[in-house]
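Biologist: Could you walk me through this one and tell me what stands behind the labels you use?

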Amino acid sequence: PQIKQLVALRDASKTRKQTGQAIVEGLRECMRALQAGVVFDAAYLCFDFDQGKAHSIVAELEARGTPYYTVSAKAFEKASGRDNPDGVLAVLRTPLVRLEDLQVNKDPLFVIVEGVEKPGNLGSLIRSVEATGATGLIVCDPVVDLWSPQVIRNSQGAVFSLPIALADKQAVLAFIKTHQLRTVATSPDAVEVFWDADLRGPLALLMGSESLGLTAFWMDACDLQVKIPMHGQADSLNLGTATALMLYEALRQRR
């Protein structure tokens with residue numbers, strides 16, 4: 001029965017929302033979750049994979065009083081979502097961060113993303129935002145489940161350390177106004193190139209999905225539109241790459 005529940009948490013967003021739980025798999029991701037203070041309800045270990053790599057997390061689990069169970073390779077492979085598992089999997093309580101819980105520092109740099117359709121894209125975006133030390137990420141009108149195993153894996157565990165809030169567009173717009181954030185959106189039709197724009201001061205970068213971009217709501221609401229020049233045949237960049245370019249330029253200007 002436990003393995004069946006693990007499979008349900010792995011595959012079904014509905015189950016994750018109903019239980020307030022999610023699956024995190026992999027030693028690196030599990031360790032980063034624990035270091036970020038995420039609570040594990042249970043862990044499942046198999047020492048038959050990757051030269052017994054699962055032994056590395058036992059002390060951390062015991063120090064936190066987290067129950068853990070040793071399972072067979074066959075059972076672990078059934079619960080795992082990976083082709084080459086390392087024998088470490090845990091059930092976590094999904095952290096809830098509201099907009100009002102986000103810490104707004106003196107010179108904040110937020111990323112607001114709308115309409116991301118693929119878990120892998122959201123995961124890589126989270127990794128890019130966390131890597132730059134940005135203040136936080138706001139996922140507006142989310143389509144993808146933040147606690148999908150693919151999001152967690154593609155973020156390399158950054159989903160646990162980066163402040164992330166989920167909200168609808170009206171709540172996000174109110175947050176922007178309350179904290180007097182200037183908003184900059186990327187658009188292929190913009191005149192100004194992003195490195196020529198002033199990206200200093202309290203700022204929110206607005207990023208849309210790769211297929212559709214930002215909706216008219218955000219294009220009309222933003223203070224400035226900029227473009228990332230494209231000189232080849234491709235007409236767009238990966239969302240994580242585009243966001244990283246914008247963030248690192250903002251950081252360069254703030255040095």
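**What the labels rest on**

Modeller: Let's begin with Met230, which sits in the loop between β11 (224-227) and α11 (239-253). Helices here are DSSP runs of H or I with at least four residues, strands are runs of E with at least two, and both are numbered from the N terminus. Bear in mind that this is a predicted model: local features need pLDDT of at least 70, side-chain atom pairs count only at pLDDT 80 or more, and totals for chains, interfaces and linings use all residues. Residues are numbered from 1 along each chain as its sequence is written, and side-chain values use heavy atoms, with hydrogens and water left out.

Biologist: Why is Met230 called partly exposed?

Modeller: Buried means under 20% relative accessible area, exposed means over 50%, and partly exposed is in between, with a 1.4 Å probe and protein chains only. Met230 has 32%, so partly exposed is the label.

Biologist: And what makes Met230, Leu237 and Leu245 a patch?

Modeller: Patch residues need over 30% relative accessible area and no salt bridge; nonpolar side chains (Val, Leu, Ile, Met, Phe, Trp, Tyr) are joined within 5 Å, like charges within 9 Å. A salt bridge would be a side-chain nitrogen of Lys or Arg within 4 Å of a carboxyl oxygen of Asp or Glu. Together the three residues have about 200 Å² of accessible area, from the Shrake-Rupley method with a 1.4 Å probe, where for residues only the protein chains shown count as cover.

Biologist: On to the sheet. What is the order of its 7 strands?

Modeller: The sheet is open, with parallel pairing, and reads β7-β6-β5-β10-β8-β11-β9. β7 (164-167) and β9 (192-193) each have a single partner strand, so they stand at the edges, one side of each without a neighbour in the sheet.

Biologist: How do you know that β5 and β6 pair?

Modeller: Two strands pair if DSSP finds at least two bridges between them. β5 (residues 109-114) and β6 (residues 136-140) have 5 bridges, in the parallel sense. Ile112, for one, has Ile138 in β6 as its bridge partner. Helix α6 (residues 119-132) packs on the sheet and touches β5, β6 and β7, its direction making about 155° with that of β6. Axes are lines fitted to C-alpha atoms, for helices over the stretch in contact, and angles run from 0 to 180 degrees between N-to-C directions.

Biologist: Which strands does β8 join by bridges?

Modeller: β8 runs parallel to β10 (residues 203-207), with 4 bridges, and Arg182 stands opposite Leu203 in β10. β8 also runs parallel to β11, with 3 bridges, and there Ala185 has Gln225 as its bridge partner.

Biologist: What makes Asn121 buried?

Modeller: Asn121, in helix α6, has a relative accessible area of 16%, so it falls under the buried limit. Leaving aside neighbours within four places in sequence, Asn121 is in contact (heavy atoms within 4.5 Å) with Val116, Glu210 and Asn238.

Biologist: Why does Gln180 count as exposed?

Modeller: Gln180 has 68% relative accessibility, so exposed is the label. Gln180 lies in the loop between α9 and β8, and its phi is near 50°, a positive value in a residue other than glycine.

Biologist: And Asp50, is it exposed or only partly exposed?

Modeller: Asp50 has a relative accessible area of 44%, so it is partly exposed. Its phi is near 50°, a positive value in a residue other than glycine, and its place is in the loop between β2 (40-45) and α4 (58-64).
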